[in-house]
Amino acid sequence: MASSTTGRRAPARLPARRRPRPSAVARSAATPYLFILPAFLVYGAFALYPLGRAAQFSLFEWKGFGSSTFVGLRNYLDLAGDADFRAAIANALILIVFYAVIPLVVGLVLAAVLRRGQVRGMGFFRTVVFLPQVIALVVVAVAWRQIYSPNGLLNEALRAVGLDVLTRGWLGDPGTALAAVGFIGTWVEMGLVMLLLLSGMSRIPAEQFEAARLDGANAVQEFFAITLPAVRGEITVALVLTIIAALKTFDLVYMTTSGGPGNSTTVPSFEAYFRAFELREVGSASAVAIVLTLLIFVINVGVSRIGEREA
Amino acid sequence: MRRRNFLGSTAALGGLGLLTACAPGSDGGDGGSEAPAPAADEVDTDIAALGDITLTVWDQEVRGAQNDAIEALIGSFQEKYPNVTIDRNSQSFDDLQQQTGLALSGNDVPDVLQVNNARGDMGTFVADGLLTDLTGYAEAYGWADRFTPSVLGKMSYSSDGVTFGEGSLYGLAQTGEVCGIYYSQKKLDALGLAAPTTWDEVFSLVEAAAAADEQPIMLGNLDQWPALHVFGPLQANFVPAETIVTLGMGNAGADWTTDDNLAALSQLAEWGASGALGDSPNGLAYDDAWPLFTEGTGVLLIGGSWLGPDMEAVMGEDLRFMAPPAGADGKVATTGGTGIPFSVPSAAANPAAAAAFIDFITSDEAMAMIAENGGMPVNRTAELAPDSGVNKDIYEAFDAVSTEGTLLPYLDYATPSFADTAGATLQEVIGGQAEPAAAAEALQEDYGAFTEGS
């Protein structure tokens, strides 16, 4: 009896002796959350808390110092009727073409070409193409401001080939200023997009291309049938990153045009800065920032959904 | 279930935290009543007795001549009071201006801070009680003997910040500024013309220069504000000085849409359209434009006196400066006034030493030191004028305008948003995107909304 009892107990007890029972903390359902706590604290302190405060500020009329007045949603209602703000949003959407769409299209073609050719010194060229990403945007902006200036490199080049009619102060002409700023974005983002796509393409097994070629596919068919579907994930990532960059552009505009000429290159980030620090309308500035955050969020959720659904 | 509870309670806690967090700025006090305003007999002027202190000074005197002058003054102040160490933080005007609001609302404020005279800056801070009323110090140190009332007026507000131009003193400037016309003597000689004595001569000079394939006026207006320094003097040719002062100080009673203002805007538009300001003034940066002028592009450059020393370093005796010809009143009137005033924040740790420093850098000896270093002192200007060079022209012009004519306020003093409104509008006038009438409407809308609201 006794032996059978101990015999039955033994398997339960032995492992218990070798491995101490997990503590009450470890068994608790809250344990996983303890693991994310350190990361969450940092994230909360530096991302969520400021975001929450910005949302709160946006409900007040406040100069950035002194007392404030609660105005509810009036800052948002004012934005709806604010021509400057609407122009800023429209400009940001146009910048998406320059920051995301053009780099993606050109990057796809370039990456596909690069993948096919076995270029010597590939690493060097990759570095060169990626270089704009490494340079501080302020430096990029100062350099391009020189290029675009009335006596800058671009106009000198146009004059050298006899296209004097095209010369202008690129940043000072309302017809070209936004495109000029946008093109700087294209130049900056191109390298990033191309590198992402190249790394995606390098994972495609060579056999697939071989099989396609045996079936008589030409380079264009190969591209659409194999390369493009294979890098869909990279395309999504590239689009998300570059669209965020386009919508939150600040430094390029601040350093090149200050939103001018007139208001033709103003963007939401610049509006937020301008309202907070020049007009001292912190509530309105926060409202702009919150709307911008939502816009970025919605567009990128859309992009990710489309990217994942078809993959 | 448990997980949902955890998430739910986290969200609830977060939401509660947000709701109960104090309203923005509610701990910052509520208005002008708190601003210190020591009377003259309460003021402490014995700085040597204060013990070892560090005086924090934030300034924007970064351009060559300005920087040399302030460095020299700081050196001799420390020699005079070995117990005071000055911790200087200098940055560009734009950078300093953006930080001023944040800096003043914090607890760790500088002792001396340069605050722009404009309503959007000094006026707002005065209204919120963030600056020390210096009237008592002015009396103790006798500042009224040094400065003319009109200069002191440009740094005075009523204590509620509503009236600009009178009331209490909230800052003191050490330099003067005047916008005028720079010209290259060689280019005028080549055109066979003398320096213009009337605005009509300026206009015909512009035409003559264009006919000779020279760019008549150099302007870099990518930054939006430089055109204000061209339009200010030009406006005085069409509009009575008194009206411009009312418009520029944001006091009620004037109108941007009058015929004379329209004529001034039309003249600017004509210069823009005819290429008198260059092919693309809106595409050229201010700090790229004046070096181009020194290298020989442009016959005239209409701008501030602060450019003189740096341009002279390249152009030498070829560079000349003149106050604009007499304006609509038959008297000379042009944009100008004081440099950026030095103020003492309400929360400054060492207000007595701060006031002594401001007294020191605006003393008669300091004026001489500023002149020696190539800046333009706000007082004693005529007697300190050098014997030759562009600064002789500049000093004489400033003296003539401040004693015989009118120093017009910078137009962006008018309302908190006027720098942007006027900057963008003048850009569009020059670029031809806005008709003068529409531009006048835009300017009036800003000015009108502010003056009716106050």
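Predicted model: local features only at pLDDT ≥ 70, side-chain atom pairs only at ≥ 80, totals over all residues.
Centre the view on Q99(B), where α3(B) has a kink of about 40 degrees. The length of the helix still fits: at 1.5 Å a residue, the 13 residues of α3(B) should span 18 Å, and the end C-alpha atoms are 19 Å apart, which agrees.

Next, from β1(B), show the sheet. Four strands of chain B make up an open sheet with mixed pairing, in the order β2-β1-β3-β11. The edge strands are β2 (84-90) and β11 (342-343) of chain B; each has a single partner strand, so one side of each lacks a neighbour in the sheet.

Now zoom in on β1(B) and β2(B), which run parallel and are joined by seven bridges. Select I53(B) to find its bridge partner in β2(B), V84(B).

Then bring in chain A. Here 39 residues of chain B contact 37 residues of chain A. On the chain B side, the elements giving two or more residues are α1 (2-20), α3 (93-105) and α19 (418-431). Coloured by class, that side shows 14 nonpolar, 17 polar and eight charged residues.

Finish on α12 (232-247) of chain A, a helix of 16 residues that reaches 22 Å from first C-alpha to last. Its buried residues include I235(A), L239(A) and I243(A).

Notes
Residues numbered from 1 in each chain as written. Chains lettered and ligands numbered in written order. Contact = placed C-beta atoms within 7 Å. Nonpolar A, V, L, I, M, F, W, Y, C, P; charged D, E, K, R; others polar. Expected span 1.5 Å × (residues − 1). Bend = angle between axes of the 7 residues up to and from the residue. Buried ≥ 20, exposed ≤ 12 C-beta atoms within 10 Å, placed from the backbone. Pairing = 2+ DSSP bridges.
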